[in-house]
Amino acid sequence: MKSLLYLSRKLNSRLTPSIWFLSVVIFALFLAFILPEVSERSYEATGTSDSPDGSFFYTPEKLYSVAEQYGESGRSYYIKERFSFDIIWPLVYWFFLTTSITVLFRSISNEKWLLLNLLPAFGVLFDYLENISTSAVMYFYPTTFPFISWGASFLTSIKWSCIYASFLLILIGGLLRFIRVGKKMVYKFKN
């Protein structure tokens, strides 16, 4: 726990408004330009917009169905993407989520709240584990490994839970910041 708190404090102490702004710009550029391009290439290579890592939860049967739809060349493309683009994308959303949560919760006096800025790192960890497991399913298809396919499904759910919770924290932190600023403005107006 102490090492996590130390890491969280370090992130907080090194974060500047410029770094946070940079994270927002990079995240926005990825959303606007890079993700649509990657989705288009993926559709061309696999012939479908189905992707196991785009769902919150899926069964092994669904994962194997997607592997069948992809065909051999689509599965090969999927594996390459997991170990090229999908190494970088999680770092981009981690950077944005971590800096945003840190900025929004840094003024809370109880520093244990700062641990919230570590949540996106767990999303990235489970994203990478998901990539390894779904790639293994694609690589060995049509041979099935129930443990790996069920594991992939649960890793995907945990990844999305961490990411969704991080965005929820940003909404809550933004709302708290808005309320705090509003109270200060009302106080100044009254005095």
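## Helix packing exercises

The crossing of H3 and H5 is left-handed. The model is predicted.

**Exercise 1. Describe how H3 packs on H5, and find which residues make the contact.**

Step 1: geometry. Helix H3 spans residues 60-82. Its axis and that of H5 come within 8 Å and cross at roughly 115 degrees.

Step 2: residues. H3 contributes Leu63, Tyr64, Val66, Ala67, Tyr70, Arg75, Tyr78, Ile79 and Arg82. From H5 come Asn131, Thr134, Ser135, Val137, Met138 and Tyr139.

Step 3: composition. The residues of this contact divide into 10 nonpolar, 3 polar and 2 charged.

**Exercise 2. Is H5 roughly parallel or roughly antiparallel to H6?**

Step 1: take the angle. The axes of H5 (residues 119-140) and H6 come within 8 Å and cross at roughly 155 degrees.

Step 2: apply the cut-off. Angles over 145 degrees count as roughly antiparallel. Therefore H5 is roughly antiparallel to H6.

Step 3: handedness. The H5 and H6 crossing is left-handed.

Step 4: list the contact. On H5, the residues include Leu119, Phe122, Gly123, Phe126, Asp127 and Glu130. On H6, among them are Ile148, Leu155, Lys159, Cys162 and Leu169.

Step 5: sort the contact. The residues where H5 meets H6 divide into 14 nonpolar, 6 polar and 3 charged.

**Exercise 3. Where does lysine 159 sit, and what does it touch?**

Step 1: place. Lysine 159 belongs to helix H6, residues 146-190.

Step 2: exposure. Buried means under 20% relative accessible area. Lysine 159 has 3%, so it is buried.

Step 3: neighbours. Leaving out residues up to four places away in sequence, lysine 159 touches Asp53, Tyr93, Gly123, Phe126, Asp127 and Glu130.

Step 4: A polar atom of the lysine 159 side chain lies 3.2 Å from the backbone oxygen of aspartate 53.

**Exercise 4. Is serine 13 buried or exposed? Which backbone oxygen does its side chain reach?**

Step 1: place. Serine 13 is in helix H1, residues 2-14.

Step 2: exposure. The exposed class starts over 50% relative accessible area. Serine 13 has 55%, so it is exposed.

Step 3: The serine 13 side chain reaches the backbone oxygen of lysine 10 at 3.0 Å.

Step 4: sequence against space. Serine 13 and arginine 106 are 93 residues apart in sequence. Their C-alpha atoms are 9.4 Å apart in space.

How values were computed:
Residues numbered from 1 in each chain as written. Predicted model: local features only at pLDDT ≥ 70, side-chain atom pairs only at ≥ 80, totals over all residues. Heavy atoms only, no water. Helix = DSSP H or I, 4+ residues; strand = E, 2+ residues; numbered from the N terminus. Buried < 20%, exposed > 50% of the residue type's maximum accessible area, 1.4 Å probe, protein only. Polar contact = N/O pair within 3.5 Å; in protein donor to acceptor, adjacent residues only side chain to side chain. Contact = heavy atoms within 4.5 Å. Axes fitted to C-alpha atoms, helices over the stretch in contact; angles between N-to-C directions. Parallel < 35°, antiparallel > 145°, perpendicular 65-115°, else oblique. Left-handed = near helix turned anticlockwise from the far one by under 90°. Nonpolar A, V, L, I, M, F, W, Y, C, P; charged D, E, K, R; others polar.
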